[in-house]
Amino acid sequence: MSLRVQLLLLQALIVCAVVLVTGLVAASLFERQMRDAYLDRMIGVAQSVATLPAIRDAYDDEDPAAVIQPIAEVIREASNVTYVVVTDADGIRYSHPDPDRIGERVSTDPSVPLSGKTFVGTQTGTLGESWRAKVPVRGEDGEVIGTASVGILESDLRDDFVGGLGALVFPLIASAVVGIFGAAWVTAIIRRRIYRLEPKEIASLVGSRETMLHGMSEGMISVDEGGVIALVNDAALELLGLEEDSLTGRVAADVLDPSLVGVLQRGEPGGQLVLAGERILVARSTGTELDGKTVGATLLVRDHTELHQLLREMDGAQSLTNGLRAQAHEFANKLHVISGLLELGLVEDARAFVERTGTGGALRVPGEEVLSEFPELAALLLVKASHARELGMSVSITPSEPLPAWLRSDAALTIRGDLVTVVGNLLDNALEACSAGNRIELGFAVEPTLIRVAVQDDGEGIAPDQYERVFEEGVSSKAVTDADSPALRRRGIGLALVRRTVLRAGGTVTVGRSVLGGAVFTVELPVGDLPQASPDAATSVDVPAVLK
């Protein structure tokens, strides 16, 4: 059975049931009102007959029926009742619609009205089953001298009831017909709104949608016109590090990062890099406004952390390649000089040239022996130093004790990753802020409870009123335009990522004026319960001035 037929039948059944119940209730009320009206008429007629002086005076005549029968018949015909029967104290009839019954005892018990009370009920008499009212007839002294009974046949009541139903049935039938046509109209509207799909097709679409939403790697969050989150898939929960109960049904501005809310509201069809926690995401949205009206919107987020890291590594590899190429070119030139001197027989001059050249390649970093226990950070610094030399700058490690050996343990894996993230982003920030001729210094200090890192330069520095703002996402010391390369457009992420990484670890990050004249960023990372060196050994470290 198609959905259209099901909806039509169900609605028609509901309409007919409601109309039927309404008709039964209306019929019951009509019958009750009709009986109440007849009851008032019967009691009124019976009391009128019982109190009529001509009737009471006739009880003293030799033939009371001669007077009472004509009066009772006139009253019966005038009041439209079935019968008016007057009896004496023994129940002998003085009036009856059938004159042959006059003088006979009534066929029903007259004890109730003869006791001075009024009787109302249904009894079967000589005329058939009737609904009747019996009242006592009292003499001048107040004694009960007879009864007056007025009744209506139940068959007449039923005929009147059935006849009165005609005015009720036709409106009910008309209501049912209108309701069925209305049900057909509603069914057509519903069918159009669900694109004339059948239940199986709807179930299949819902199943496919759930599979697609929760199986896709791209996160999706949908909000309604009021900004309340209506739908969120598993990928979005994972990327944002949230649980479903904390998103669905809540206002997006209350649970999402401000950067994500901004993209959701203004719309970014081409996508924008945002920072959610420590993840770098690409967020796209259709926007919550259309032609000046607030509408629902969908936010799509894709993890860009790995791609961003790959781009950084690619930039570093490119810098390293350029450095190696420059080193090879420089080494070839030196070999040519030495070869020429030897060809000319100037052996002493060649030896002096070699001594002046010194040892070590172009990829050495001054002070790198501090990182002997931290090869990942040492490799990072080699790449950054090579890139800095290519730009005409220098990178060095200020005098410091070597980093402790416990940093190489598995327990220190998290803090090693945090140090690489912090140092890499701070150096990138320094390289972008400085220019040819500037120098950058990196310092470490290990204490019993924390590791302190400082990166300073002799560039232009940062204005004091910008100390807090530089850690906000999207804020950069250099203007960025659409014409810039993708690498430049990634500005405004590094310092925000540093701050979130440090805060997640329970540490602090500050910025100020360095002794070199530029900016200095100082980071303190707690080491927690790691098996660090003893307090005596830690306090003996020669802490660089920039870290004090």
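Helices (H or I, at least four residues) and strands (E, at least two) are taken as DSSP runs and numbered from the N terminus. On this basis the chain has 16 helices and 16 strands. The model is predicted: local features need pLDDT of at least 70, side-chain atom pairs count only at pLDDT 80 or more, and totals for chains, interfaces and linings use all residues. Residues are numbered from 1 along each chain as its sequence is written, and side-chain values use heavy atoms, with hydrogens and water left out.

Of the 548 residues of the chain, 39% count as buried, where buried means under 20% relative accessible area, exposed over 50%, and partly exposed in between (1.4 Å probe, protein chains only). The chain exposes about 29,500 Å², by the Shrake-Rupley method with a 1.4 Å probe. Carbon and sulfur atoms supply 57% of this area. Among contacts (heavy atoms within 4.5 Å) between residues at least 6 apart in sequence, 56% join residues at least 24 apart.

Two of the sheets are described here. Two strands are paired if DSSP finds at least two bridges between them. Four strands form an open sheet in the order 1-4-3-2, with antiparallel pairing. Strand 1 (83-88) and strand 2 (119-125) are its edge strands, each pairing on one side only. The twist from one strand to the next averages 30°; axes are lines fitted to C-alpha atoms, for helices over the stretch in contact, and angles run from 0 to 180 degrees between N-to-C directions. Strand 2 and strand 3 (residues 128-138) run antiparallel and are joined by seven bridges. Phe119 stands opposite Lys134 in strand 3. Helix 1 (residues 3-51) lies across strand 1, strand 2, strand 3 and strand 4 (144-153), at about 40° to strand 3.

An open sheet of five strands has the order 12-13-14-16-15 and mixed pairing. Strand 12 and strand 15 each have a single partner strand, so one side of each is left without a neighbour in the sheet. Neighbouring strands of this sheet are turned by 15° against each other on average, direction ignored. Strand 13 and strand 14 run antiparallel, with seven bridges between them, and Leu442 stands opposite Val455 in strand 14. Helix 12 packs on this sheet, touching strand 12 and strand 13, and its direction makes about 150° with that of strand 12. Helix 13 also packs on the sheet; it touches strand 13, strand 14 and strand 16, at about 10° to the direction of strand 14.

A nonpolar core is a set of buried Ala, Val, Leu, Ile, Met, Phe, Trp, Tyr and Cys residues joined through side-chain atoms within 4.5 Å. The largest has 44 residues, and Val423, Phe444 and Ile451 have the most contacts inside it. Elements that each supply at least two residues of this core include helix 12 (375-390), strand 13 (439-446), strand 14 (450-457) and helix 15 (494-504). Helix 13 gives the most, with eight residues. Residues touched by Ile451, not counting those up to four places away in sequence, include Trp406, Leu419, Val446 and Leu525. Apart from this core lies another of 28 residues, among them Val49, Tyr59, Val135 and Val150.

The structure holds zero disulfides, a disulfide being a pair of cysteine sulfur atoms within 2.5 Å. Cys16 is partly exposed, with a relative accessible area of 37%, whereas Cys434 is buried at 6%.
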